[in-house]
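Trainee: May I request a close look at a single part of this model, namely the place where its two chains meet?

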Amino acid sequence: MNRAEFERHLSAYIDDELTVELRIEMEAFMDADEAARAEFDSHQAAWEAAQSSVGGAAPDGLWDGIEASLGSEGKSETSMDDLALMMRGLASEVQDLRREVQQLRAELAEGEWEEGREAVGGDIRVRSTIVTDRPRHGTVEQLRKFS
Amino acid sequence: MEAQADIVLIAACQQGDHRAFRQVFEIYRDRVFSLCRSMSGSDEDAEDLTQDAFVAAFKGVGGFRGESSFGTWLYRIAANRCSAELRRRKPRFQEIGEAEGQNVLPLSTRGDQEQQLVRKELLQRVQAAVADLPESQRLIFVLGTQMGMRYREIGEIVGCSEDAVKVRIHRARKRVRDALKPYMES
């Protein structure tokens, strides 16, 4: 082992990342070379100082911030709850639409129809209007508005 | 030996179970905070980074496939958050003692007071030396020297070989040692 190899392996020696054979070589080199031993001692002291500067325990209250973020961004706890909520919302829309269709059908069934023809440009358009007590010029769309 | 989240807990997290994730948080909170604290240099930044890391972990836990340990996967997320934040701005160096109750011994005798001052100054110099390291060296130094991880795990977190970790950690350690040497010799 030479000085360059000793330097290259020094941190790994301190971190116990060397094979047994290399560790023995490193120790033999330090025993024979005072400067190498001094180099190891200064690295060891700096390593111990760095270890003692490790941050303490995480403060309390960290989870509250995380939970708040998970609440708005995270997945729901049970997907069935979400599905039930969605179905309830859709169900009320479907009910409203059914009511409207029933009303329209009733209107159409009760009313009398008049058929008129008008010429528009070169075409002849057929317009059907329902005759009721409600506004005379009611088309189906207008009846919806008045229902 | 460091506690690890077991596969049942992880599976529950992957189903979106917040309570299971709270348990995961309790297992890893101190080490993730320690990593963020050492990288950022301030308690305030470390708190934000720790929260960001855990939120990111929860959002991405569905992608965890067990190719590394869960801890390694989590530390990688935290390390990436720290690195991204550091690239965005310079870390703020916070004096030891500004953080409440950090490394403060009860004052009883004059000798104790002097010891505490010496200790405080040494810790400040260590933090300054670590803060001066290039970002890539700082992360490896923190993971290896301050968190005591093995080179293999460090390599998995930062995405390099064990030999590369060995070289970088030695360079980082040499810089920190050189920064501390005049103080320690005096």
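Mentor: Chain A and chain B bury about 3,800 Å² between them, with 58% of it on carbon and sulfur atoms; buried area is the accessible area (1.4 Å probe) that two parts lose on being put together, summed over both. This is a predicted model, in which local features need pLDDT of at least 70 and side-chain atom pairs count only at pLDDT 80 or more, while totals for chains, interfaces and linings use all residues. Residues are numbered from 1 along each chain as its sequence is written, chains are lettered from A in the order in which they are written, and side-chain values use heavy atoms, leaving out hydrogens and water.

In this interface, 42 residues of chain A are in contact with 42 residues of chain B, contact meaning heavy atoms within 4.5 Å. Four salt bridges are counted between chain A and chain B, each being a side-chain nitrogen of Lys or Arg within 4 Å of a carboxyl oxygen of Asp or Glu. B:R150 forms a salt bridge with A:E17, and their closest N and O atoms are 3.4 Å apart.

On the side of chain A that touches chain B, α1 (3–14), α3 (34–52) and α4 (62–73) of chain A each supply at least two residues; helices are DSSP runs (H or I, at least four residues), numbered from the N terminus. The most comes from α3(A), with ten residues. The residues of this side of chain A divide into 17 nonpolar, 15 polar and ten charged, where Asp, Glu, Lys and Arg count as charged, Ala, Val, Leu, Ile, Met, Phe, Trp, Tyr, Cys and Pro as nonpolar, and the others, Gly among them, as polar.
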